[in-house]
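Welcome! Please take a moment to look over the sequence and the structure before reading on.

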Amino acid sequence: MAALPVFRWRLAPDGYATRRQLRARGLRPGGQEVAATLERPRRRREPLVAYLYRVDLAKPVRPMTPGRWAALTAANRARRICPQCRRDAGYVIPASLGSCVPCAYPDPDSPRSV
């Protein structure tokens with residue numbers, strides 16, 4: 001297998017784009033393999049690497065169907081429910097805490113009915 005072309009930061013030719021750049025154009029890689037890599041050098045560390053895809057092989061982003069919107073809404077709603085007190089926290093519960101802030105850091109001075 002041939003090695004992928006490697007381009008320096010900001011020097012990739014036209015016709016290549018990262019996933020984010022494709023998405024900004026309303027495209028997706030569409031199953032194609034990585035076409036090239038982009039390297040940004042850093043001092044005393046490994047370079048940052050970004051994968052590039054060919055724009056001419058990219059496909060349009062699939063439209064959101066009503067079923068997909070419903071599934072996304074349900075998933076986001078589930079991320080707001082505290083697993084300990086089962087209340088809607090009003091915000092997405094951080095994975096680092098695993099529960100809403102009052103459950104993660106209970107105030108010993110105020111009783112909380114759960």
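The notes below look at strand pairing, a surface patch and salt bridges in this predicted model.

## Strands side by side

Let's begin with strand E4, which covers residues 36-42. Strand E1 (residues 6-8) pairs with E4 in the parallel sense, over three bridges. Within that pairing, Arg 8 has Glu 39 of E4 as its bridge partner.

E4 also pairs with strand E5 (residues 45-54), this time in the antiparallel sense and over six bridges. Here Ala 50 in E5 stands opposite Leu 38. Together E4 and E5 form a hairpin with two residues between them. Have a look at Arg 44 in the turn, where phi is positive, at about 60°.

## A nonpolar patch

Met 64, Trp 69 and Leu 72 make a nonpolar patch of about 300 Å². You can find Met 64 in the loop that lies between strand E6 (59-60) and helix H2 (66-78). Met 64 counts as partly exposed because its relative accessibility is 37%.

## Two salt bridges

Side chains with opposite charges can pair when their charged atoms come close. Searching the whole structure turns up two salt bridges.

One joins Arg 54 and Asp 56, with 2.7 Å between the closest N and O atoms. Asp 56 has 55% relative accessibility, so it counts as exposed, while Arg 54, at 34%, counts as partly exposed.

The other joins Arg 80 and Asp 88, whose closest N and O atoms are 3.2 Å apart. Asp 88 is partly exposed, with a relative accessible area of 45%, and Arg 80 counts as partly exposed at 29% relative accessibility.

Terms used:
Residues numbered from 1 in each chain as written. Predicted model: local features only at pLDDT ≥ 70, side-chain atom pairs only at ≥ 80, totals over all residues. Heavy atoms only, no water. Pairing = 2+ DSSP bridges. Helix = DSSP H or I, 4+ residues; strand = E, 2+ residues; numbered from the N terminus. Patch = residues over 30% accessible without salt bridge, like charges linked within 9 Å, V, L, I, M, F, W, Y side chains within 5 Å. Areas by Shrake-Rupley, 256 points an atom, 1.4 Å probe, with all protein chains shown as cover. Salt bridge = Lys/Arg side-chain N within 4 Å of Asp/Glu carboxyl O. Buried < 20%, exposed > 50% of the residue type's maximum accessible area, 1.4 Å probe, protein only.
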